[in-house]
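Subject: A structure for you to explore

Hello,

Here is the structure I promised to pass on to you. Have a look around first, and then read my notes below.

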Amino acid sequence: MATNKKLSMDELNRKSVEEFKRSEKTPVIAVLENIRSAYNVGSVFRTADAFLLEAIYITGYTCVPPHKEIKKTALGAEDSVDWKHFANAADAILALKENGYKVFAVEQAVNSLQLQQASFSANEKIAVIFGNEVTGVEQSTIEQCDGCIEIPQLGMKHSLNIATAAGVVLWEIIRTRMFPQS
């Protein structure tokens with residue numbers, strides 16, 4: 001019988017903030033549009049750190065670091081992950097497209113691409129927009145995107161918390177880059 005033993009902090013080979021900042025990043029940017037909960041924002045920072053994302057773009061009234069609720073869930077990732085605030089998603093999208101990013105809203109929409117069907121090359125610059133906890137990604141924002149990505153769901157609610165949705169979508173994008181054949 002195999003013995004599973006939890007890894008120690010030394011065995012985890014954690015990066016320092018400085019090592020993280022110097023590391024080659026995945027050319028993926030998470031865009032947060034009008035997120036109400038600072039806890040959700042902190043969770044996305046933590047996910048962005050885990051996957052070495054290029055940055056987080058924060059738009060609208062989404063709160064920005066330093067913030068005690070972001071800090072509580074980000075656990076220091078708000079210091080390692082680069083972020084930038086934009087007055088609105090349109091300004092963020094313009095900056096992304098000027099820098100060669102393809103921009104996708106994570107939303108249930110007509111002609112949305114099912115997440116498992118999304119295929120991006122290893123160095124392709126991708127930005128994914130996550131919307132408000134109640135209203136999702138704004139229609140005007142969707143209209144500026146290159147497309148929509150939808151997480152297939154089977155239950156009654158057909159909605160996920162934004163932090164959960166970000167974890168699912170970002171992992172799938174990273175997984176397909178790390179393990180292209182799987």
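A residue is called buried when its relative accessible area is under 20%, exposed when that value is over 50%, and partly exposed in between. Please keep in mind that this is a predicted model.

Let's begin with helix 2. Its buried residues are A38, N40, V41, G42, V44, F45, T47 and A48. The helix covers residues 38–50, which makes 13 residues. From the first C-alpha to the last it reaches 19 Å, close to the 18 Å expected at 1.5 Å a residue. At the start of helix 2, a side-chain oxygen of S37 comes to within 3.2 Å of the backbone nitrogen of Y39. After the helix comes L52, which has a positive phi, near 50 degrees.

Next, turn to strand 6, residues 126–130. How many of its residues are buried? Five of its five residues are, so the strand counts as mostly covered by the cut-off of under 20%. Its side chains point two ways: I126, V128 and F130 go one way, while A127 and I129 go the other way. Strand 6 also has two pairing partners to look for:

- Strand 1 (residues 26–33) runs parallel to strand 6, and five bridges join them. Here V28 has I126 as its bridge partner.
- Strand 4 (residues 102–106) pairs with strand 6 in the parallel sense over four bridges. Here F104 stands opposite V128.

- E11 pairs with K5, with the closest N and O atoms 3.7 Å apart. E11 is partly exposed, with a relative accessible area of 39%, whereas K5 is exposed at 63%.
- D82 pairs with K21, and their closest N and O atoms are 3.0 Å apart. Because D82 lies in the loop between helix 4 and strand 3 and K21 lies in helix 1, this pair ties together parts that are 61 residues apart in sequence. D82 is partly exposed at 41% relative accessibility, and K21 is partly exposed with a relative accessible area of 41%.
- R36 pairs with E133, the closest N and O atoms being 3.7 Å apart. R36 sits in the loop between strand 1 and helix 2, and E133 in the loop between strand 6 and helix 6, so the pair ties together parts that are 97 residues apart in sequence. R36 is exposed at 54% relative accessibility, while E133 is partly exposed at 27%.

Enjoy exploring!

Best wishes

Conventions:
Residues are numbered from 1 along each chain as its sequence is written. This is a predicted model: local features need pLDDT of at least 70, side-chain atom pairs count only at pLDDT 80 or more; totals for chains, interfaces and linings use all residues. Side-chain values use heavy atoms; hydrogens and water are left out. The expected span of a helix is 1.5 Å times one less than its number of residues. Buried means under 20% relative accessible area, exposed over 50%, partly exposed in between (1.4 Å probe, protein chains only). A polar contact is a pair of N or O atoms within 3.5 Å; within protein, one must be able to donate a hydrogen and the other to accept it, and residues adjacent in sequence count only if both atoms are side-chain atoms. Two strands pair if DSSP finds at least two bridges between them. A salt bridge is a side-chain nitrogen of Lys or Arg within 4 Å of a carboxyl oxygen of Asp or Glu.
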